[in-house]
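Hello,

Here is the structure I promised to pass on. My notes are below it.

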Amino acid sequence: MTRRSLLALLGVLLAKPLAVLAAWNEQAFGAKSAADALKGLGAGAPQPSKDILIEAPQIAENGAVVPIEISSSLPGTTSIAVIIEKNPFPLTGKFDFKDGALPFVKLNVKMGETSDVRVVAVAGGKPYVATREIKVTIGGCGG
Amino acid sequence: MAGPMKMRATLAGGNTDVRVLMTHPMTTAQMKEGLHHIQNVAVKQNGRTVVEAEISQAVSRNPVFTFRLKGGAKGDRIEVSWLDNKGETNKIETAVA
């Protein structure tokens with residue numbers, strides 16, 4: 001073993017625990033379509049549900065800050081993901097709720113243009129979806 | 001450099017609402033500053049992880065989140081931490097008021 005390969009190996013060994021601590025789903029977040037993002041999340045073909053609530057303005061004047069409040073009343077909801085269909089990278093966030101947390105989150109997102117926003121909740125191991133269109137007057141992804 | 005955070009945890013309707021602000025540029029690859037965004041957020045209640053989130057560059061600059069925890073009592077310790085794509089990290093702890 002050369003000294004260089006030994007150093008490379010050490011680097012890999014040292015880098016690994018850090019990667020485990022902070023998981024970030026590169027496949028899903030790197031997806032350029034909502035369908036690929038869903039696949040990356042392992043939540044393909046979600047069933048429409050009325051038990052997922054999306055509170056958001058119908059028209060957002062400033063696409064740089066669009067407030068969205070989401071919650072699920074589906075029993076056994078363990079995660080909620082937000083997908084902004086027409087953003088360059090649609091998957092915006094995935095929230096895992098453990099025992100002790102309600103499946104609720106409020107956040108501000110950037111939207112490049114008017115788009116459907118899909119909220120995907122996993123409940124009892126199955127994916128469900130609700131969709132809401134938000135119109136954007138001034139896009140908020142460049143600058 | 002990791003900027004300051006602000007957090008408020010209050011009892012409301014029998015649950016605990018946690019509102020947290022993170023100072024962070026949250027820039028996308030299209031911006032001149034280049035890709036720099038928070039990737040991971042974790043919420044702990046009395047030392048136990050209750051919410052784990054992965055987020056993208058499409059979360060607005062200086063992210064503000066509200067989370068809702070079941071039940072809770074005055075004095076519960078709430079901690080929120082984040083980690084970004086450059087390895088920077090920050091956290092804040094407060095007691096439920």
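The notes cover strand pairing, the chain contacts and the core.

This is a predicted model: local features need pLDDT of at least 70, side-chain atom pairs count only at pLDDT 80 or more, and totals for chains, interfaces and linings use all residues. Residues are numbered from 1 along each chain as its sequence is written, while chains are lettered from A and ligands numbered from 1 in the order in which they are written.

Strand 9 of chain A (residues 126-138) first. Strands here are DSSP E runs of at least two residues, numbered from the N terminus; two of them pair if DSSP finds at least two bridges between them. Strand 8 (residues 115-123) of chain A runs antiparallel to strand 9, with nine bridges. A:Val119 sits opposite A:Ala130 there. Two residues separate the strands of this hairpin, and A:Gly124 has a positive phi near 55°. Strand 3 (residues 59-62) of chain A pairs with strand 9 in parallel, over three bridges; A:Ala60 partners A:Val136.

Now the two chains. 28 residues of chain B contact 30 of chain A (contact: C-beta atoms, placed from the backbone, within 7 Å). Strand 4 of chain B gives the most to its side, eight residues. Five antiparallel bridges join strand 4 of chain B to strand 6 (residues 91-97) of chain A. A:Phe97 is opposite B:Val51.

Last, the core. A:Val82, A:Val109 and B:Phe67 have the most contacts inside the largest nonpolar core, which has 60 residues. Such a core is a set of buried Ala, Val, Leu, Ile, Met, Phe, Trp, Tyr and Cys residues joined through C-beta atoms within 7 Å; buried means 20 or more other C-beta atoms within 10 Å of the residue's own.

Best wishes

How values were computed
A residue is buried if 20 or more other C-beta atoms lie within 10 Å of its own, exposed if 12 or fewer, and partly exposed in between; C-beta atoms are placed from the backbone. Two residues are in contact if their C-beta atoms, placed from the backbone, lie within 7 Å. Helices (H or I, at least four residues) and strands (E, at least two) are DSSP runs, numbered from the N terminus.
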